[in-house]
Amino acid sequence: MGVFSVSSIAVDHEVEEAAAAPQQQKDLDAGALFVLKSKGSWVHCGYHLTTSIVAPPLLSLPYAFTFLGWTAGILCLVVGALVTFYSYNLISLVLEHNAKMGHRHLRFRDIAHDILGPRWGRYYVGPIQFMVCYGAVVASTLLGGQCLKTIYLLSHPDGSMKLFEFVIIFGCLMLILAQVPSFHSLRHINMVSLLLCLAYSACATGGSIYIGNSSKGPKKDYSLSGDTQDRVFGIFNAIAIIATSYGNGIIPEIQATLAPPVKGKMFKGLCICYTMIAVTFFSVAISGYWAFGSQSEGLILSNFLDNGKALVPKWFILMTNMFTIMQLSAVGVVYLQPTNEVLERTFADPASGEFSARNVIPRLIARSLSVVAATTIAAMLPFFGDINSVIGAFGFMPLDFVLPMVFYNLTFKPSKRGLIFWVNVSIATVFSALGVIAAVAAVRQISLDAKTYRLFANV
């Protein structure tokens with residue numbers, strides 16, 4: 001009887017949540033109504049999560065190992081996976097709880113507004129999420145241009161085209177994808193993106209193993225170089241790289257794409273995502289560091305060329321870069337969604353049809369201008385990766401490692417004598433400190449590299 005009673009209550013909650021959905025739809029602004037449509041399944045959620053996390057930055061993991069070594073490197077990868085899986089589930093539970101109470105939050109700043117107060121949502125969470133997501137769009141555009149340039153130089157070693165030209169070419173692709181109307185509309189693109197991340201990760205792993213077993217590769221050296229100061233800053237730089245690789249920053253927006261009732265769907269989506277993480281992150285990091293050791297480059301694909309000479313067949317490098325470019329376009333458009341939502345809320349009219357001239361024309365202009373701006377920044381600042389490290393330290397750390405713990409403790413109020421409360425407090429405290437130190441390390445790196453900075457540099 002007791003079991004039947006609990007089940008009945010759970011069913012009643014789900015029925016109430018589904019019944020409340022039409023009324024909530026009527027009260028939505030244009031950004032939530034048109035961009036964050038709640039029509040998806042948990043499988044679609046898994047595609048969105050995988051595209052936002054399992055992205056080309058994972059190709060930098062062997063480089064992070066050069067500062068950490070084998071033991072610390074693998075330990076940081078495992079801890080990063082466990083903490084983020086736990087963190088993303090916590091924020092999902094908070095969102096589900098509020099949805100049951102009749103307050104479904106569709107944006108990160110909305111949940112911060114209700115739990116922490118209006119100023120936190122407007123002046124802290126909203127701005128840092130925008131910086132992180134728009135920074136990811138710029139970084140994706142820059143990396144896409146660099147991959148295009150690699151392909152070009154393979155076939156034209158003495159070619160005269162500059163990096164900024166390839167960035168503009170990639171920006172044109174982004175300009176087209178940016179017009180996809182809603183986050184939910186990306187589900188098929190993100191399904192292909194999931195397959196692409198598996199493809200280029202397999203290529204990176206296979207290429208590393210091939211070179212590591214051949215006489216073409218460098219002598220294996222896993223020693224940590226530099227003096228004590230360089231090593232300390234290197235460790236925090238590596239932690240920032242790993243944290244950014246696991247970073248997401250748009251969990252509420254992804255959960256917003258789920259059709260009500262949302263209970264349990266996000267967990268299933270996260271299981272899809274972290275299965276992909278287990279397959280890709282660890283294989284690329286371990287094989288890349290094993291093959292190239294302390295000589296691992298910032299992007300492991302760069303190690304496949306030695307002074308312009310290919311260490312693997314050229315068609316293999318071409319194929320790997322093509323997989324990477326195609327997935328980068330999906331990653332860029334996923335992280336463009338918070339910007340699209342803001343633009344839609346500002347310029348669109350929720351009372352008019354989604355595809356009416358009143359809404360389509362402002363949408364086309366606003367989204368095109370946002371992509372043009374991102375492409376211009378990427379072309380102008382090919383050293384944007386250093387700047388993005390600072391943004392990541394100030395953005396991904398609080399959004400993904402700190403705020404979910406705070407939200408959970410304030411919403412569910414677990415006992416201060418219990419384990420959950422202190423685990424959450426410990427994680428929030430440790431990663432707050434790591435975020436500040438990682439930001440200092442990133443600023444230091446900018447100061448060291450500043451002398452090489454040039455606008456529109458052909459790097």
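## Charged pairs and helix packing

Aspartate 230 has a relative accessibility of 35%, and therefore counts as partly exposed. The model in which this residue is seen is a predicted one. The side chain of aspartate 230 meets that of arginine 444 in a salt bridge, with an N to O distance of 2.8 Å. Because arginine 444 lies in helix 16 (residues 419–449) and aspartate 230 in helix 9 (residues 228–246), the pair ties together parts of the chain that are 214 residues apart in sequence.

Side chains of opposite charge can pair when their charged atoms come close. In this model the count comes to nine salt bridges, and three of them are set out here.

| Salt bridge | N to O distance |
|---|---|
| Arginine 444 and aspartate 230 | 2.8 Å |
| Glutamate 341 and arginine 109 | 3.0 Å |
| Glutamate 341 and arginine 345 | 3.6 Å |

Glutamate 341 takes part in a salt bridge with arginine 109, the N to O distance being 3.0 Å. This pair links distant parts of the chain, since glutamate 341 belongs to helix 13 (residues 337–347) and arginine 109 to helix 5 (residues 108–115), 232 residues apart.

Glutamate 341 and arginine 345 are four residues apart in helix 13, so about one helical turn separates them. Arginine 345, with a relative accessible area of 37%, is partly exposed. Through salt bridges that share partners, Asp29, Arg107, Arg109, Asp110, Glu341 and Arg345 are joined into one network.

## Helix 12 and its partners

Two packed helices are described by the angle between their axes and the distance between the axes. For helix 6 (residues 118–155) and helix 12 (residues 314–335), the axes come within 9 Å and cross at roughly 160°. Because angles over 145 degrees count as roughly antiparallel, helix 6 is roughly antiparallel to helix 12. The crossing in which helix 6 passes helix 12 is left-handed. Among the residues that make this contact are Cys133, Ala136, Ser140, Cys147, Thr150 and Ile151 of helix 6, together with Lys314, Asn321, Met322, Leu328 and Tyr335 of helix 12. By class, the contact of helix 6 with helix 12 comprises 15 nonpolar, six polar and one charged residues.

Asparagine 321, which is found in helix 12, counts as buried because its relative accessibility is 4%. When residues up to four places away in sequence are not counted, asparagine 321 touches Cys147, Thr150, Ile151 and Leu301.

Helix 12 also packs against helix 8 (residues 187–213), at an angle of about 145° and with the axes 9 Å apart, and this crossing, too, is left-handed. Residues including Ile189, Asn190, Leu196, Tyr200 and Gly207 of helix 8 and Phe316, Met319, Phe323, Gln327 and Val334 of helix 12 make the contact. The residues of this contact divide into 12 nonpolar, six polar and no charged.

## Loops and the end of helix 16

The peptide bond from proline 260 to proline 261 is cis, its omega being near 0°, and proline 261 is found in the loop between helix 10 (251–256) and helix 11 (265–292). Another loop, between helix 15 (384–412) and helix 16, holds lysine 413. The phi angle of lysine 413 is near 50°, a positive value in a residue other than glycine, and at 63% relative accessibility lysine 413 counts as exposed.

Aspartate 449 lies in helix 16 and, with a relative accessible area of 22%, is partly exposed. Its C-alpha atom is separated by 8.8 Å from that of phenylalanine 383, a residue 66 positions away along the chain.

Notes: Residues numbered from 1 in each chain as written. Predicted model: local features only at pLDDT ≥ 70, side-chain atom pairs only at ≥ 80, totals over all residues. Heavy atoms only, no water. Axes fitted to C-alpha atoms, helices over the stretch in contact; angles between N-to-C directions. Helix = DSSP H or I, 4+ residues; strand = E, 2+ residues; numbered from the N terminus. Parallel < 35°, antiparallel > 145°, perpendicular 65-115°, else oblique. Left-handed = near helix turned anticlockwise from the far one by under 90°. Contact = heavy atoms within 4.5 Å. Nonpolar A, V, L, I, M, F, W, Y, C, P; charged D, E, K, R; others polar. Salt bridge = Lys/Arg side-chain N within 4 Å of Asp/Glu carboxyl O. Buried < 20%, exposed > 50% of the residue type's maximum accessible area, 1.4 Å probe, protein only.
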